[in-house]
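Hello,

Here is the structure I promised to pass on to you. Have a look at it first, and then read my notes below.

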Amino acid sequence: MTSSRILLAIAVVATVGLMAATRIGVVPLAVTAGVIGNIAIPAVWAASSMTIRRAAVPAMVAAGTVLVLMAVLGWRDGASGGCHVLAGLLGGWALGLGWRVLPMLVVMALALVPVIYLELEGISVIEAASELNAENRRVFAEGLPAGLSESERAAAMADFDEMSAAVFEVQRRLWPAVLLIGLMIQAAAALAVGWLIVKLTYGVAPRPEIRPWEAWRAPFVSVWMLIGGLAATITRVEALETIGWSLALLASLLLGIQGLAVQTWFVRRLLSPVGRTLYWVLGALFFAPVLLGGGAVLGLVDQWRDLRLASGLDGSGEDEDDES
């Protein structure tokens, strides 16, 4: 049996084993298996899809594995495992085709979205957040020192309720974007592990199309996401407001990353190595909101006018000075 088929067999065994372990009555073991499975299952299927040229082979084996999970564990656990398997397959195929990182992670994250709703068992994300906040309130109240007076206890609970209400409002407004970002982080970790498996097994692994960091630009659609998102937030329609805030957050994040790339480009050319270190250290420690917020504005401006090209600066900073 070739190593690629062995890897595919390992993917099947790991998927069935980890999904079955989540049903064990021992809570710590079930939770551990669930946490590991969130990364390991898509990782091994991504590795398999990277190493088998005929896409139909891992797809058919994956379908059979999901049917077995449904028969043994029930449709809900089978569907959840299937989503993890699908995310891994899509990520491995996209990586093999040389996709860029961002669309690759978005596709994987979208494949994982149904898992959230399957695990909530019909409860909405907002309802789940409300229940979690209520449980946190109960734990906080039970943890207050016994020696507190009624007025002190009431004041402590009032402070907690105020903070909890503010957090819940942020959750209510931004939960789709936060959920997608979290799933993209999970997808990135799984894809990295899958890539490492292939690298260690074969000595070589496919790489995505990567643009140099200093030249990185967010997709131009992020500008329209920001405009459309902000427009939706003033409609006074709750569903549109939620979508609008999420679009605005995602667009701001992309533009902020582009702004950081622009800052890196200028800092490398205008400051000495010591100056660069001071810029980033002081910015991270004392001016992080300005660095990120200003980066989003800078990224938005750079979408319309290429600041790096328009600056007229060339070369790599101190190298030019040395040559002159």
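Helices (H or I, at least four residues) and strands (E, at least two) are DSSP runs, numbered from the N terminus. By that count the protein chain has 13 helices and zero strands. Its C-alpha trace spans about 70 × 70 × 40 Å along the principal axes.

Please keep in mind that this is a predicted model, in which local features need pLDDT of at least 70 and side-chain atom pairs count only at pLDDT 80 or more, while totals for chains, interfaces and linings use all residues. Residues are numbered from 1 along each chain as its sequence is written, and side-chain values use heavy atoms, with hydrogens and water left out.

The 25 residues of α2 (residues 27-51) should span 36 Å at 1.5 Å a residue, and the end C-alpha atoms are 36 Å apart, which agrees. The expected span here is 1.5 Å times one less than the number of residues. α2 also bends by about 45° at G37, the bend being the angle between axes fitted to the seven residues ending there and the seven starting there.

Now to the helix pairs. Two packed helices are described by the angle between their axes and the distance between the axes. Axes are lines fitted to C-alpha atoms, for helices over the stretch in contact, and angles run from 0 to 180 degrees between N-to-C directions.

The axes of α1 (residues 3-21) and α3 (residues 56-73) come within 11 Å and cross at roughly 20°. The two are therefore roughly parallel (angles under 35 degrees; over 145 is roughly antiparallel, 65 to 115 roughly perpendicular and the rest oblique). In their contact (heavy atoms within 4.5 Å), L8, V12, T15, V16, M19 and A20 of α1 meet V57, P58, V61, T65, L69 and L73 of α3. These residues divide into ten nonpolar, two polar and no charged. Ala, Val, Leu, Ile, Met, Phe, Trp, Tyr, Cys and Pro count as nonpolar, Asp, Glu, Lys and Arg as charged, and the others, Gly among them, as polar.

α5 (residues 101-120) and α7 (residues 150-202) pack at about 115°, with axes 8 Å apart. That makes α5 roughly perpendicular to α7. Among the residues that meet are L105, M108 and L112 in α5 and W175, L179 and L183 in α7. By class, this contact has 19 nonpolar, one polar and no charged residues.

Finally, the axes of α9 (residues 238-270) and α11 (residues 288-304) come within 6 Å and cross at roughly 90°. These helices are therefore roughly perpendicular to each other. Their contact includes G256 and G259 of α9 and G295, G299 and D302 of α11. Its residues divide into eight nonpolar, eight polar and one charged.

Best wishes
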